[in-house]
Amino acid sequence: MKIIILGATGFLGRETTQAALRRGHGIVAHGCSSVPAFRSPQIVRTIQTDLSNAHDTERLVLHEFPDAIVNCTALASARACAENPVLSEQLNTDLPGRLAQLAHHLGARLVHLSSAEVFGTATGPHSHTDNPEPSPGNAFAQAKLAGEKEALRHGRSNVTVLRIPLLSGNSHDGTRSFHERLFALWAHNRATPLPANEHIQPLSVTHLAETLIELCERPNLSGVYHWAGADATSPHAFAQRIARHFGLDPAPLVTPADATSPRDHRLHLHPLQGKLKTHPPTMGQILDELRVPPQHTAWHSATTGRAPAPERLVKGIHF
């Protein structure tokens with residue numbers, strides 16, 4: 001299968017490209033700000049293009065004529081969306097609709113990433129059939145919900161929209177995931193206040209990437225679905241477990257945030273959970289994947305007495 005992965009230089013897109021390589025697919029890897037760097041005979045082409053430009057997007061997809069498209073591109077924070085409303089509309093709202101039109105024209109699959117933030121502050125657990133209502137002022141959630149609707153309006157029979165929660169994992173620069181941001185604070189002796197009365201389901205980026213590629217392979221799974229980790233926790237408890245996992249004392253590093261109203265951000269994973277071979281990761285699996293960010297290995301070794309872990313070689317990156 002020939003798959004275009006949009007945003008292949010990003011945190012999720014990079015992992016999704018690696019998952020596709022492991023599963024034997026041919027990949028067109030796209031980058032927004034740079035050309036992706038992958039080493040594999042399965043890489044059909046690497047390309048950098050501006051997806052906010054409708055003409056460039058159409059030229060890319062029509063030239064490659066893929067079997068599937070995975071859209072990992074987004075303007076991915078409420079602040080960025082508020083500061084750049086035009087770009088947010090182009091990438092988070094207009095692009096999914098345009099990709100759905102192109103996929104329908106080519107008879108291809110489109111797997112589009114959305115966010116659990118579309119439910120705003122509404123209490124969960126949330127079903128995929130619930131009606132999302134983003135919180136007022138959350139420009140990211142509003143744009144992502146509009147993007148869902150555009151994608152499904154133009155390609156309901158061949159489009160899968162996947163809503164996801166907080167992602168965990170190892171980014172290529174050691175700065176993008178939850179535990180990496182924690183390390184950046186901890187290494188500078190800054191305690192992290194986090195909510196203790198919220199329910200979340202952290203999700204491994206590696207497991208999500210496998211799920212996205214399996215969805216490309218499953219033409220019968222169209223519509224809106226949810227995907228998350230198997231275990232629920234609070235951001236405060238999750239950070240404590242991360243600290244202990246790396247041999248750190250969580251007491252001085254993680255503190256409860258100021259009390260707010262309890263919030264439940266959990267997602268019901270049915271019916272998708274019963275249809276995929278890829279299973280939601282457990283908390284133990286998520287923690288086992290985490291590595292000390294490279295820029296903080298010296299601090300971690302000095303603090304814990306642990307030797308740095310050897311570098312892991314990754315197919316498509318190192319060989």
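Predicted model: local features only at pLDDT ≥ 70, side-chain atom pairs only at ≥ 80, totals over all residues.
Reader: Which residues make the contact?
Author: Phe178, His179, Leu182 and Trp186 of H6 meet Pro235, Phe238, Ala239, Ile242 and Ala243 of H8, contact being heavy atoms within 4.5 Å. They divide into eight nonpolar, one polar and no charged (Ala, Val, Leu, Ile, Met, Phe, Trp, Tyr, Cys and Pro are nonpolar; Asp, Glu, Lys and Arg charged; the others, Gly among them, polar).

Reader: Which H6 residues are buried?
Author: Phe178, His179, Glu180, Leu182, Phe183 and Trp186. Buried is under 20% relative accessible area, exposed over 50%, partly exposed in between (1.4 Å probe, protein chains only).

Reader: And what do those buried ones pack against?
Author: Strands S7, S8 and S12, plus helices H8 and H10. Helices (H or I, at least four residues) and strands (E, at least two) are DSSP runs, numbered from the N terminus.

Reader: Switching over, how do H4 and H5 cross?
Author: Their axes come within 8 Å and cross at roughly 15°. That makes H4 roughly parallel to H5.

Reader: Anything on numbering and confidence?
Author: Residues are numbered from 1 along each chain as its sequence is written, and side-chain values use heavy atoms, leaving out hydrogens and water. Local features need pLDDT of at least 70, side-chain atom pairs count only at pLDDT 80 or more, and totals for chains, interfaces and linings use all residues.

Note on methods. Axes fitted to C-alpha atoms, helices over the stretch in contact; angles between N-to-C directions. Parallel < 35°, antiparallel > 145°, perpendicular 65-115°, else oblique.
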